[in-house]
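Dear colleague,

Please find below the structure that I am handing over to you. A summary of the findings follows it.

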Amino acid sequence: MRFDDRLNTVLAQPAANAHDRTVRWRQLVELLARAADLGSPAAQQALAEVRSEAPAIDEQLRAAAARAIARPQLPTELVAAFAADSVTVAAPVLAAVALS
């Protein structure tokens, strides 16, 4: 059995300035986009931080992250987080995702 601690590793990184916060936010978004299950405590903490930190991240950077992760199979919770953002940020994710 293999243990994946990438989320915990990123969550443990300090975000002392705007650049560090942006890098950390982007890493969390990319890891959550690849996650098979967002039920773990680390995934829930990461999702909460993605939501809470989004307003502090430049809109163009949030839109670039959305374009980078846009694909048919994304965790519903992550889709919801992007859908709550501006149209510029939400559009790539909403256009690509396959919802039931």
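With 100 residues, a compact globule would have a radius of gyration near 13 Å, and the protein chain has 13 Å, which agrees. This radius is taken over C-alpha atoms, and the globule rule is 2.2 Å times the number of residues to the power 0.38. The C-alpha atoms fill a box of roughly 35 × 30 × 20 Å along the principal axes.

Please note that this is a predicted model, in which local features need pLDDT of at least 70 and side-chain atom pairs count only at pLDDT 80 or more, while totals for chains, interfaces and linings use all residues. Residues are numbered from 1 along each chain as its sequence is written, and side-chain values use heavy atoms, with hydrogens and water left out.

The protein chain has six helices and zero strands; helices (H or I, at least four residues) and strands (E, at least two) are DSSP runs numbered from the N terminus. Of the 100 residues, 35% count as buried, where buried means under 20% relative accessible area, exposed over 50% and partly exposed in between (1.4 Å probe, protein chains only). Among contacts with a separation of 6 or more, 62% come from residues 24 or more positions apart, contact meaning heavy atoms within 4.5 Å.

Helix 4 (residues 59-69) has the buried residues Arg62, Ala63, Ala65, Ala66 and Ile69. They lie on the same side of helix 4, because they cover an arc of only 160 degrees around the axis; the arc is that of the directions from the helix axis to the C-beta atoms. These buried residues pack against helix 2 (18-34), helix 5 and helix 6. The face turned away from the buried side of helix 4 carries the exposed residues Gln60 and Arg67.

Helix 5 (residues 76-83) and helix 6 (residues 87-96) pack at an angle of about 145 degrees, their axes being 8 Å apart. The axes are lines fitted to C-alpha atoms, for helices over the stretch in contact, and angles run from 0 to 180 degrees between N-to-C directions. Val79, Phe82 and Ala83 of helix 5 meet Val89, Ala90, Val93 and Leu94 of helix 6 in this contact.

Helix 6 also contains valine 87, which counts as exposed because its relative accessibility is 68%. Valine 87 and alanine 63 are 24 residues apart in sequence, and their C-alpha atoms are 9.2 Å apart in space.

Yours sincerely
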